[in-house]
Amino acid sequence: VLLLWGLVMMLAAGIVIEPVVELLPMPSSAVYGRGFWAIITLVVMAPLLEEFLCRGIILESVRAKYGVVAALFLSSAFFAVLHGHPALAVNAFVMGLILGFIYLRTDSLYATILLHGFNNAIAMTLLLFGMESLTLSELLPNRTLYACVYVLAMAVFALAAWRMMSRVRLLREQEKNRPAA
């Protein structure tokens, strides 16, 4: 259920931040390549390495020293910096928050690796079909339909973010009470 929530949250977040990402320069699709090794690198190796580094090492290290909130934000910021390009960094920061939350809830890198790989597989599929720069507003030229989809995504995103913050607050309280126990 949490993986399904993660997929829905990632999709809703992507829609909500799309107008901001559109304003930023995007990297050339030539950076990624299109062959077998590009697929292996982006869909398998990048999620393995980035999740191990960002959630397994950075998030856990910061969490042990500064708590869950700092860990979530700093590991997401580091994840964003790893992606280099401004548009990718904005998206990566938001996805890092979601993946970090999934990690905190499951205590498993497998879940975040799977979600990260799925996200990258979607991006790679769009890249392979030459649709990497396609936006939802271009896909839905009817402005009313686009507005309805956007508002729905924003509602899902806001509800999920509120639930996420509530759970993080609970985790923070548990961490505060842990030394006293």
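Predicted model: local features only at pLDDT ≥ 70, side-chain atom pairs only at ≥ 80, totals over all residues.
P19 has its place in helix 1, which covers residues 2–22. Although P19 and L136 are 117 residues apart along the chain, their C-alpha atoms are separated by 9.6 Å.

Helix 6, which covers residues 136–139, contains S137. The side chain of S137 is joined to the side chain of E22 by a polar contact of 3.5 Å. With a relative accessibility of 18%, S137 counts as buried, because buried means under 20%.

**The loop between helix 4 and helix 5**

Two residues of this loop can be read together. D107 is found in the loop between helix 4 and helix 5, and S108 is found in that loop as well. D107 counts as exposed because its relative accessibility is 56%, whereas S108, at 18%, counts as buried. The side chain of S108 reaches the backbone nitrogen of Y110 at a distance of 3.1 Å. The backbone of D107 also deserves attention, for this residue has a positive phi of about 55° although it is not a glycine. As background, most residues other than glycine have a negative phi.

The relative accessibilities of several residues are set side by side here.

| Residue | Relative accessibility | Class |
|---|---|---|
| D107 | 56% | exposed |
| F73 | 44% | partly exposed |
| R172 | 32% | partly exposed |
| F93 | 26% | partly exposed |
| S137 | 18% | buried |

**Aromatic rings**

How many aromatic pairs does a search of the whole structure find? The search finds 4 of them. One of these pairs is formed by F73 and F93, whose rings are 6.3 Å apart from centre to centre, with 40° between their planes, an arrangement that counts as tilted. Because F73 lies in helix 3 and F93 in helix 4, this pair ties together parts that are 20 residues apart in sequence. At 44% relative accessibility F73 counts as partly exposed, and F93, at 26%, is placed in the partly exposed class too. Another aromatic ring, that of F79, has a charged neighbour, since R55 lies over its face at 4.5 Å from the ring centre.

**The second largest pocket**

F73 returns in the description of a pocket, for it is among the residues that lie nearest the centre of the second largest pocket, together with L72, A161, M164 and M165. This pocket is lined by 14 residues, and about 290 Å³ of space lies in it. Which helices each supply at least two residues of its lining? They are helix 3 (68–82), helix 4 (86–106) and helix 7 (143–177). The largest share of the lining, 7 residues, comes from helix 7. Sorted by class, the lining has 12 nonpolar and 2 charged residues, and no polar ones.

Helix 7 is also the place of R172, which counts as partly exposed because its relative accessibility is 32%. The C-alpha atoms of R172 and L99, which are 73 residues apart along the chain, are separated by 18 Å.

How values were computed:
Residues numbered from 1 in each chain as written. Heavy atoms only, no water. 1 Å grid on protein atoms, 1.4 Å probe; cavity = no way out; pocket = protein on both sides within 12 Å on 5 of 7 lines; lining within 4 Å. Points joined across faces, edges and corners; volume = space filled by probe spheres on them. Helix = DSSP H or I, 4+ residues; strand = E, 2+ residues; numbered from the N terminus. Nonpolar A, V, L, I, M, F, W, Y, C, P; charged D, E, K, R; others polar. Buried < 20%, exposed > 50% of the residue type's maximum accessible area, 1.4 Å probe, protein only. Polar contact = N/O pair within 3.5 Å; in protein donor to acceptor, adjacent residues only side chain to side chain. Phe/Tyr/Trp six-rings, centres within 6.5 Å; stacked < 30°, edge-to-face > 60°. Lys NZ or Arg CZ within 6 Å of the ring centre and 35° of its normal.
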